[in-house]
Amino acid sequence: MLRVVKPKNARSKRALEAREPKEVEDPRTVIFVRGSHTGEVVGSVMKELMALKRPHAISFSKKNLVRPFEDATSLEFWAHKNDASIFVLGQSTKKRPNGLTIVRMFDGKLLDMCELGVDQFVSMDAFKTSKPQPGHKPMLHFASELFDTHPRFIQLKSLLMDLFNGEVIESIYLAGLEHVISVTVAPLPGQLASASGDQDSGSLPIVHVRGYGTKLLASGQRIPRVELVPMGPSLDLLLRRHQPADPELWKAAMRRPKLKKQDVEKGLGKKRKNLEVDEMGDLRGRVHVAKQDLGKLQTRKMKGLKVRAGEEEEEESESGGGGENDESNDTRPMKRKKEKGV
Amino acid sequence: MDVSDILASQISKHKSILVEKDVPLDTDVGFLTVTDPSVVDKESYDHDREAYLQSTARDGIQHLLAALFSLPTLPSPEGPLAQLPPPTTQLPRAKPLPKPKPPTKWQRFARAKGISSQRRDKKIWDDERQAWVPRWGWRGKNRDEETQWLHEVPANADADHDPSKEARVARKERTAKNERQRLQNVARAQQGRTTATATGTQVDRKRDINRTLATTRMSTASMGKFDRVLDGEKKLRGVKRKFDPIEKSVDAEKSANLALIKQIGNGAPGGSSLKKVKRDGLDSESGGNGGAGGVVNVRKAVRFASGGQGAAALARKSVVGSGSDGRQKRRGKR
């Protein structure tokens, strides 16, 4: 573990403060690490992914003896040292040729990882198109039902989204959307149940990753028609080993900040009940009114009906009615009536 | 004049922007991501893979762009910026949520008293200079009193009275006080962070100090009787004896008595080590002498019998002499 440094001057203090946890996080920095043997294919794959990921990418271009599935200490050290939270490791061995491992960290600790085998690779240079500017965000497209059902593919989607587009942004310049990364899963070889097939990676279908450039054409409406042009890189990936996240660490990583009061009023977080926007864009609300108590209804005021200060209690006791105290009062008129009758 | 032909030709120039899918696409506009949950069409995939991948991607992206272009926009120097909604997909954070800072002593006091403090601006208006100047620091306003060219001197001032120096000392004192308070706040925050463990050590420390103080007070020649008493010093009190109530419930009495009997049987667990050693010694002696009850001192007897050679030598002798005395032999083996 690195020693905890106390800043000695204002500049290093600012630098340390910039690394402290924030409510809205900075974009993740990705470190591209070469393993003990990388090979030509994986080397160029990493180079191109890094070109897409710039400027939030760091290259470790020397050979590194790193085996993430066995020992993650050096990854944790690098993550701490470089303030990075995703690694892409390239390693080619006889047993697992052209391996590409995506490792995600949380709080300087390893969260989860997935090893991919590069089956086919076509470089960006093979396509004669303009390449995306550094810092431009890609649009992501995932196509398969497995991205919602199969745990391996759910993890892969989460990792790829974090790798390319994990940053929360408030606004975007729409004309600057100039490239697309499309991830499609090949049709299933057999029947692949959502839960099973977790152990045997061999039966998992290939994943096609394609890079496209966009061309926006006029459509006569506000929304343009989009045409895609292959731009590269295009990769065919095999799913190999993986390590799911530790449930407790995952829970800690998924903790969200408390919503601000104004955000709750805006309708974020909790669903706003009985409010809807109609076709005209007006906000319409539905109000529920409790049943009205007609007994308390104020009718016409007259002097004779006015309750005076002294009388109030007596009236209440009479209206309460039927008490034993009232007997003496009641009997008198009754007697009178009888007398009259006689 | 019939314009329908013109309209139709105009429409046919543009390709459709409508996307028709059996399963509705799942868009996350905040992350610029679209997910197509429909099953892959195996036939067209096998027929022309790249074309199929591109066409599905195009459909998805068209859907996403439709959502993006219908977002409200704000003007900016570069062009209109679409205001993105917060993302719906939950991705793990890279670092844990920031912990709220513990309030300073003043903040706590202000909250308790209901004082709403307004932040002081760093800059302050200087009438002489006709500019906003820093309240403190480089060319700060708080140094005006030291640097002014004319000072008011009180009538009863000393001959070496230096008003500029005095103002400087006062300012330095204020700074030092603020720093001291800041450090205290930091220390308090540090303590609060480890409350669970700190309370235990704090209690221990207090007890230790009290004990040490009591010992020192008793450690004078008069055992603290004729010592000078400091202001506010309390009389040293020992431990007050506590007695059980005379009347107890039958159950409680029974269990207490049983516990006592058990202690007698086992030997008191709370007894000192010295007592324990003594008792152990007695037990072993009584065992060795066959219930003689500790009348014979075994160690002395062995020394006498072996002529100061010890138990081992005695045992050797007894084996050679084919067991003249059974009692001695047995003792020798021990």
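The model is predicted, and residues are numbered from 1 along each chain.

**Stop 1: helix α3 of chain A**

Select residues 73-82 of chain A, which form helix α3. Buried residues in this helix are Leu75(A), Trp78(A) and Ala79(A). They span an arc of only 100° around the axis, so they sit on the same side of α3(A).

Next, show what covers these buried residues. The cover includes five strands of chain A: β1 (30-34), β2 (57-63), β3 (86-91), β4 (99-106) and β5 (109-122).

Then step off the end of the helix to Asp83(A), which follows α3(A) and has a positive phi, near 55°.

**Stop 2: Ala57(A)**

Move to Ala57(A), a residue of strand β2 of chain A. Is Ala57(A) buried or exposed? Its relative accessible area is 15%, and the cut-off for buried is under 20%, so Ala57(A) counts as buried.

Which residues touch Ala57(A) once neighbours within four places in sequence are left aside? The contacts are with Val30(A), Phe32(A) and Met50(A). For a distance check, draw a line from the C-alpha of Ala57(A) to that of Ala84(A): the two residues are 27 apart in sequence, and the line spans 8.9 Å.

**Stop 3**

Side chains of opposite charge can pair when their charged atoms come close. Over all chains, the structure holds 23 salt bridges.

Then go to Arg225(A) and Glu227(A), whose side chains form a salt bridge with 2.9 Å from N to O. Arg225(A) is buried at 12% relative accessible area.

Lys157(A) lies over the face of the Phe142(A) ring, 5.6 Å from its centre.

**Stop 4: a salt bridge between the chains**

Select Asp236(A) and Arg49(B). They form a salt bridge in which the closest N and O atoms are 3.8 Å apart. Asp236(A) belongs to strand β11 (residues 234-243) of chain A and Arg49(B) to helix α3 (residues 49-69) of chain B, so this pair joins two chains.

How accessible are the two partners? Asp236(A) is buried, with a relative accessible area of 3%, whereas Arg49(B) is partly exposed at 33%.

**Stop 5: a sheet shared by both chains**

Strands of a sheet pair through backbone hydrogen bonds, either parallel or antiparallel. Display the three strands of the open sheet β7(A)-β4(B)-β3(B), where the pairing is antiparallel. Which are the edge strands? They are β7 (171-173) of chain A and β3 (73-74) of chain B, each of which pairs on one side only.

Zoom in on the join between the chains. Here β7(A) pairs with strand β4 (residues 81-83) of chain B in the antiparallel sense over three bridges. Tyr173(A) stands opposite Leu81(B) of β4(B).

**Stop 6: a salt bridge within a helix of chain B**

Select residues 42-47 of chain B, helix α2. Lys42(B) and Asp46(B) are four residues apart in this helix, about one turn, and their side chains meet in a salt bridge of 3.6 Å, N to O. Lys42(B) is partly exposed at 45% relative accessible area, and Asp46(B) is exposed at 52%.

**Stop 7: aromatic pairs in chain B**

A pair of aromatic rings is described by the distance of the centres and the angle of the planes. The count over all chains is seven aromatic pairs. In one of them, Trp106(B) with Phe109(B), the ring centres are 5.9 Å apart and the planes stand at 40°, so this pair is tilted. Both residues lie in helix α4 (residues 105-113) of chain B, and because they are three residues apart, about one helical turn separates them. Trp106(B) is partly exposed at 47% relative accessible area, as is Phe109(B) at 42%.

End the tour at Trp125(B) and Trp132(B), an edge-to-face aromatic pair with 5.5 Å between centres and 70° between planes. Trp125(B) is partly exposed, with a relative accessible area of 36%, while Trp132(B) counts as exposed at 54%.

Terms used
Chains are lettered from A and ligands numbered from 1 in the order in which they are written. This is a predicted model: local features need pLDDT of at least 70, side-chain atom pairs count only at pLDDT 80 or more; totals for chains, interfaces and linings use all residues. Side-chain values use heavy atoms; hydrogens and water are left out. A salt bridge is a side-chain nitrogen of Lys or Arg within 4 Å of a carboxyl oxygen of Asp or Glu. Buried means under 20% relative accessible area, exposed over 50%, partly exposed in between (1.4 Å probe, protein chains only). The arc is that of the directions from the helix axis to the C-beta atoms. Contact means heavy atoms within 4.5 Å. Rings of Phe, Tyr and Trp (its six-membered ring) pair if their centres lie within 6.5 Å; planes under 30 degrees apart count as stacked, over 60 as edge-to-face and the rest as tilted. A charge sits over a ring if NZ of Lys or CZ of Arg is within 6 Å of the ring centre and within 35 degrees of the ring normal. Two strands pair if DSSP finds at least two bridges between them.
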